[in-house]
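Try each one yourself before you read its solution.

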Amino acid sequence: MRYIFALWAAPMALFWGWFYLSLNDMNFGYVMLSRQLHDFVFQLYGQMLGIDPATIPGMVAKACVFDGLLLAAIWVFRRRREILGWVRRRWTGPVPFDRLHRATEAGPKLPAE
């Protein structure tokens with residue numbers, strides 16, 4: 001599952017890194033990171049899709065969030081037994097005495113000044 005997360009996160013990091021740098025024209029001498037190429041790419045995608053190029057980044061962001069939620073749902077489904085066990089351990093049963101004692105004790109006594 002970690003490979004699937006890595007294969008999902010790597011292109012997202014590359015795309016959003018390129019998007020941020022090219023949007024703010026932080027090109028470091030690379031044409032690939034220039035604002036002109038940024039505008040050209042989104043204009044080209046807008047023409048191919050027949051939509052306004054300004055709406056494409058929002059659509060990509062929504063798709064990334066949906067994909068992330070879908071991957072998280074698959075991960076939770078695969079780990080449901082461990083998660084339910086953790087929740088049961090967390091919410092049922094009394095607190096052990098030693099843990100309760102540590103939480104309620106006064107702490108170290110400091111000498112009087």
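**Exercise 1: the salt bridge**

By the distance rule used here, this predicted model has one salt bridge. Find which side chains meet in the salt bridge, and work out how the two residues are placed in their helix.

*Solution.* 

Step 1. Look for a side-chain nitrogen of Lys or Arg within 4 Å of a carboxyl oxygen of Asp or Glu.

Step 2. Check the spacing. Both residues sit in helix H2 (residues 35–49), and because they are four residues apart, about one helical turn separates them.

Step 3. Asp39 has 37% relative accessibility, so it counts as partly exposed. Arg35, with a relative accessible area of 31%, is partly exposed too.

**Exercise 2: the nonpolar patch**

Which residues make the nonpolar surface patch of about 630 Å², and which element gives the largest share?

*Solution.* 

Step 1. Pick out the members: Trp75, Val76, Ile83, Trp86, Val87 and Trp91 make up the patch.

Step 2. Settle the share. H4 supplies the largest part, with four residues.

Step 3. Val87 lies in helix H4. A patch residue needs over 30% relative accessible area; Val87 has 32% relative accessibility, so it counts as partly exposed.

Technical notes:
Residues numbered from 1 in each chain as written. Predicted model: local features only at pLDDT ≥ 70, side-chain atom pairs only at ≥ 80, totals over all residues. Heavy atoms only, no water. Patch = residues over 30% accessible without salt bridge, like charges linked within 9 Å, V, L, I, M, F, W, Y side chains within 5 Å. Areas by Shrake-Rupley, 256 points an atom, 1.4 Å probe, with all protein chains shown as cover. Buried < 20%, exposed > 50% of the residue type's maximum accessible area, 1.4 Å probe, protein only.
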